[in-house]
Amino acid sequence: MPIDPDQTATIITSRAIRAGHEQDFERWVEELNRHARAAPGYRAAIRLGQTAGFQHLLFRFDDRAAADAWHDDPRMRAHVAVADRFSTALRQLETGDGVTFELPSDASASKWKRFVTTWLTVFPVLLLISMLVRTVLKDAPLPLQLLPSSLLLTATLQWIILPRLQRYTRFWLLQDSSGRLQR
């Protein structure tokens, strides 16, 4: 007899992975999928990747009781604790045929954390570029000095600094005060 779609439970766990632990996460997910496939009531798993170091893991079970039993199993709790050492997570569970989740993203980061990390990164680069441009164009009017400075700073930020900054700070930027991902 088919399972009632209105009872189907969907779990989505979003994880921000610390830079340098991507292979640990890959091994962890393989084992997680083995645990899920062996669980009573398991129906399907889907993995959605965002930018480097940000993943969403979706699992479907026959009903909420099966999903809760899988999640509360001591082996699963121990397995989740392993991932908590190199990633931070947000777990959500909904039942029904058509479910809606609000996923965390880079836009979820605390503004004050984003400000601090960006400023700490931009200031030394801006200082270096400004000193270089002022040395080369010392007699040029300020607008002509600012033109190459702004171009160099913007290019450096866009293609070099911000992608690395995002990769190395995402784990911290997206955590709330309890250590879980923010939405």
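Mentor: Buried means under 20% relative accessible area, exposed means over 50%, and partly exposed is in between. Keep that handy, and remember that this is a predicted model.

Trainee: Got it. What share of the residues in the chain is buried?

Mentor: The chain has 183 residues in total. Buried here means under 20% relative accessible area. The share of the chain that falls in that class is 37%.

Trainee: What is the radius of gyration of the chain, next to that of a compact globule?

Mentor: Look at the box first: the C-alpha atoms fill roughly 85 × 30 × 25 Å along the principal axes. A compact globule of 183 residues would come out near 16 Å. The chain, though, has 23 Å.

Trainee: Among contacts with a separation of 6 or more, what percentage joins residues 24 or more positions apart?

Mentor: A contact here is a pair of heavy atoms within 4.5 Å. Take the contacts with a separation of 6 or more, and pick out those between residues 24 or more positions apart. Their part is 73%.

Trainee: On to pockets. Which element gives the most residues to the lining of the largest pocket?

Mentor: That pocket has a volume of about 260 Å³. Of its 17 lining residues, the closest to the centre are Thr-13, Arg-15, His-71, Val-80 and Arg-91. Elements that give two or more residues include strand 1 (9-17), helix 1 (22-38) and strand 4 (87-95). With four residues, the top contributor is helix 3.

Trainee: How many charged residues are in that lining?

Mentor: Sort the lining of the largest pocket by class. Ten residues are nonpolar and two are polar. The charged ones number five.

Trainee: And which element gives the most to the second largest pocket?

Mentor: This pocket has a volume of about 170 Å³. Its lining includes His-35, Ala-66, Trp-70 and Met-76, and by class it has seven nonpolar, one polar and two charged residues. Helix 1, helix 2 and helix 3 each supply at least two residues. With three, the one that gives the most is helix 2.

Trainee: What is the relative accessibility of Trp-28?

Mentor: Find Trp-28 in helix 1. Beyond residues up to four places away, Trp-28 touches Arg-15, Leu-57, His-79, Val-80, Val-82, Ala-83 and Phe-86. Trp-28 counts as buried because its relative accessibility is 5%.

Trainee: How far apart are the C-alpha atoms of Leu-93 and Ala-9?

Mentor: Leu-93 lies in strand 4, and is buried at a relative accessible area of 12%. Among the residues Leu-93 touches are Thr-10, Ile-11 and Phe-101. Leu-93 and Ala-9 are 84 residues apart along the chain, yet their C-alpha atoms are separated by 6.9 Å.

Trainee: What about Pro-124 and Leu-152: how far apart are they in space?

Mentor: Pro-124 is found in helix 4 (residues 111-136). Pro-124 is partly exposed, because its relative accessible area is 42%. In sequence, Pro-124 and Leu-152 are 28 residues apart. In space, C-alpha to C-alpha, they are apart by 13 Å.

Trainee: Last one. Which residues is Arg-167 in contact with, leaving aside neighbours within four places?

Mentor: Arg-167 belongs to helix 5 (residues 142-173). At 31% relative accessibility, Arg-167 counts as partly exposed. The C-alpha atoms of Arg-167 and Glu-31, 136 residues apart along the chain, are separated by 25 Å. The contacts of Arg-167 are with Ala-19, Gly-20 and Glu-22.

Methods. Residues are numbered from 1 along each chain as its sequence is written. This is a predicted model: local features need pLDDT of at least 70, side-chain atom pairs count only at pLDDT 80 or more; totals for chains, interfaces and linings use all residues. Side-chain values use heavy atoms; hydrogens and water are left out. On a 1 Å grid over the protein atoms alone, a cavity is a set of points where a 1.4 Å probe fits but cannot get out, and a pocket is an open set with protein on both sides within 12 Å along at least five of seven lines; lining residues have an atom within 4 Å of a point. Grid points are joined across faces, edges and corners, and a volume is the space filled by probe spheres set on the points. Ala, Val, Leu, Ile, Met, Phe, Trp, Tyr, Cys and Pro count as nonpolar, Asp, Glu, Lys and Arg as charged, and the others, Gly among them, as polar. The radius of gyration is taken over C-alpha atoms; the globule rule is 2.2 Å times the number of residues to the power 0.38. Buried means under 20% relative accessible area, exposed over 50%, partly exposed in between (1.4 Å probe, protein chains only).
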